[in-house]
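Welcome! Have a look at the sequence and the model first.

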Amino acid sequence: MQIPLRKIHESPGKFHLKEDGIECFGTFHRSGRYKVTIEGKLKGEADFVCDRCGNSFSASVDESFVLEAVDRPVKVEESLDMIECLDGVVDFDSVCRSEIASIESQYHLCPECEGEEDFEIEI
Ligand SMILES: [Zn+2]
């Protein structure tokens, strides 16, 4: 799903996509002249690789995110929560894919390893 940034208004619109078995949905609205805010959720099952034993396992994903899509180059220090849409188009498919990829790239332990470490980790 692609929407030209200039066609996004202050009244929120909705998006709902599915990538790799994960639903990605939420709202978007204009928050500045060259800026659109996207508030979304990821829900579903994803495959992860355990960082300790290397086994793959699936786990449920339930995350929310807030992103700003801007119609100008993004500085490196801003880039975490910003995406640049230099062609003036917000590509919701790639937003969802990159959010899923960032969850998959986080540190994950399979249920077995997680159980072992419960008493060692202080959060
Ligand atoms: Zn493991």
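## Ground rules

A residue is called buried when its relative accessible area is under 20%, exposed when over 50%, and partly exposed in between (1.4 Å probe, protein chains only). This is a predicted model, in which local features need pLDDT of at least 70 and side-chain atom pairs count only at pLDDT 80 or more, while totals for chains, interfaces and linings use all residues. Residues are numbered from 1 along each chain as its sequence is written, and side-chain values use heavy atoms, leaving out hydrogens and water.

## The disulfide

A disulfide here is a pair of cysteine sulfur atoms within 2.5 Å. The whole structure holds one: Cys-24 is joined to Cys-96, with an S to S distance of 2.4 Å. Cys-24 sits in strand S3 (residues 22-32) and Cys-96 in helix H1 (residues 92-104), so the bond ties together parts 72 residues apart in sequence. Strands (E, at least two residues) and helices (H or I, at least four) are DSSP runs, numbered from the N terminus. Both Cys-24 and Cys-96 are buried.

## A cysteine without a partner

Cys-85 is in no disulfide; its nearest cysteine sulfur, that of Cys-96, is 13 Å away. Cys-85 has 4% relative accessibility, so it counts as buried.

## The zinc site

Which protein donors hold the zinc ion? They are Cys-50, Cys-53, Cys-110 and Cys-113, each through SG, lying 2.3 Å from the ion. Donors are N, O and S atoms within 2.8 Å of the metal (3.2 Å for Na, K and Ca); water is not among the atoms, so sites may look incomplete.
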